[in-house]
Amino acid sequence: MERGDGNGVDLDCLVIGGGPAGLTAALYLARYHLSLKIVDSGKSRAATIPCSHNHAGFPEGISGEELLERMRRQARKYGAEIVEGRVTRLDCNETCFNVEWGSGSATARTVLLATGITNRRPQMDEDLHDQALMRGLIRYCPVCDGYEVTDRKLGVIGSGGHGVAEAVFLRSFTADVTLVAPDAAHDLGEEDRAILERFGIGTIDGPACAVAIHDDCILVDTPEGRHSFDCIYPALGSDSHVELALQLGAALKDDVLVVDSHQRTSVSGLYAAGDVVLGLDQISHAMGQGGVAATTIRNDIARERTLRRPRARR
């Protein structure tokens, strides 16, 4: 769907990131008859979801990869082009953005960043992590799947206020929650300890390392011994993929991109949606932001130039 506009600009919009936010935006943009391309590095967190039961419309659940494939197929149906690659350069001048990735480059009137975040993993073998994740022995989102661990024995790998908050959130699903320090002894203030005591949440000092799967449980070694959990939740934070936005000087707050209510960043023509901006880390939320961003892009472009003129009916 690469048409150009006669002024040396290849695309109306280049979407960076092929997760739920980017693919939703691409679908909307294509159906608005705008020229676009998606550059996707293939690292969407959604692809790692074994089965989501939290996504409306799929009563039996759906895997993250299947959902993404359906969304890619739908976006392509309306002309969206999806290319594999990691964008390494993003800059702009008065008329357009210049974008480069491993196998190509383009100029675009606007850019949508849907680059997401990466969860920080607990200390453990990488293959063991991936196997445990697929079996539901490691989970990263209690909002998504807390229901699935109802009345199970849980370990939360984390410390400080973030770890305490996650443990307390999970306490509404099960009475058996233990906060395990990832690196060393817990460094908790009196208030945090009072909260844990009030909710009946135990603590184990670290360093902690998940070492094996046994009898559908995951085993975690600490200086206090080996502990068995039905599931562990890492509460170690995440890293936002904002490097490209920083190349343009876009504003950040708490390591995520600042956007207005229409998904505009502080840089004119640059938009952002999904987990790379502040919000609930949920597929449905990311998709909603993608739709808002695409519609804003369409309307902002329409204020600057005439869009496609529909053909008259005969």
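Strand 5 (residues 97-101) and strand 6 (residues 104-113) pair in the antiparallel sense over 5 bridges. Strands here are DSSP runs of E with at least two residues, and helices are runs of H or I with at least four residues, both numbered from the N terminus; two strands count as paired if DSSP finds at least two bridges between them. The model is predicted, and local features need pLDDT of at least 70, side-chain atom pairs count only at pLDDT 80 or more, and totals for chains, interfaces and linings use all residues. Residues are numbered from 1 along each chain as its sequence is written, and side-chain values use heavy atoms, with hydrogens and water left out.

Within the pairing of strand 5 and strand 6, Val99 stands opposite Ala106, and the two strands form a hairpin with 2 residues between them. Strand 5 is also joined to strand 4 (residues 87-92) by 5 bridges, again in the antiparallel sense. Asp91 has Asn98 as its bridge partner in strand 5, and the hairpin of strand 4 and strand 5 has 4 residues between the strands.

Strands of a sheet pair through backbone hydrogen bonds, either parallel or antiparallel. Because 8 of its 10 residues are buried, strand 6 is largely enclosed by the rest of the structure. Buried means under 20% relative accessible area, exposed means over 50%, and partly exposed lies in between, with a 1.4 Å probe and protein chains only.

A separate description applies to an open sheet of 4 strands, which has the order 10-9-8-14 with parallel pairing. Its edge strands, strand 10 (202-204) and strand 14 (231-234), each pair on one side only. The twist averages 25° from one strand to the next, where axes are lines fitted to C-alpha atoms, for helices over the stretch in contact, and angles run from 0 to 180 degrees between N-to-C directions. Strand 8 (residues 154-157) pairs with strand 14 over 4 bridges, and Ile157 stands opposite Pro234.

In helix 3 (residues 126-134), the buried residues include Leu128, His129, Ala132 and Leu133. These residues cover an arc of only 135° around the axis, which puts them on the same side of helix 3; the arc is that of the directions from the helix axis to the C-beta atoms. The face turned away from the buried side carries the exposed residues Glu126, Asp127 and Met134. Asp125 caps the N-terminal end of helix 3, with a side-chain oxygen 3.0 Å from the backbone nitrogen of Asp127. Helix 3 is followed by Gly136, whose phi is positive, near 75°.

Backbone geometry was also examined in two loops. Most residues other than glycine have a negative phi, and most peptide bonds are trans. The peptide bond from Gly206 to Pro207 is cis, with omega near 5°, and Pro207 lies in the loop between strand 10 and strand 11 (209-214). In the loop between strand 16 (252-253) and strand 17 (256-257), Asp254 has a positive phi of about 55°. Asp255, placed in that loop, has a positive phi near 70°. Asp254 counts as exposed because its relative accessibility is 65%, and Asp255 counts as exposed at 58%.

Technical notes:
Polar contact = N/O pair within 3.5 Å; in protein donor to acceptor, adjacent residues only side chain to side chain.
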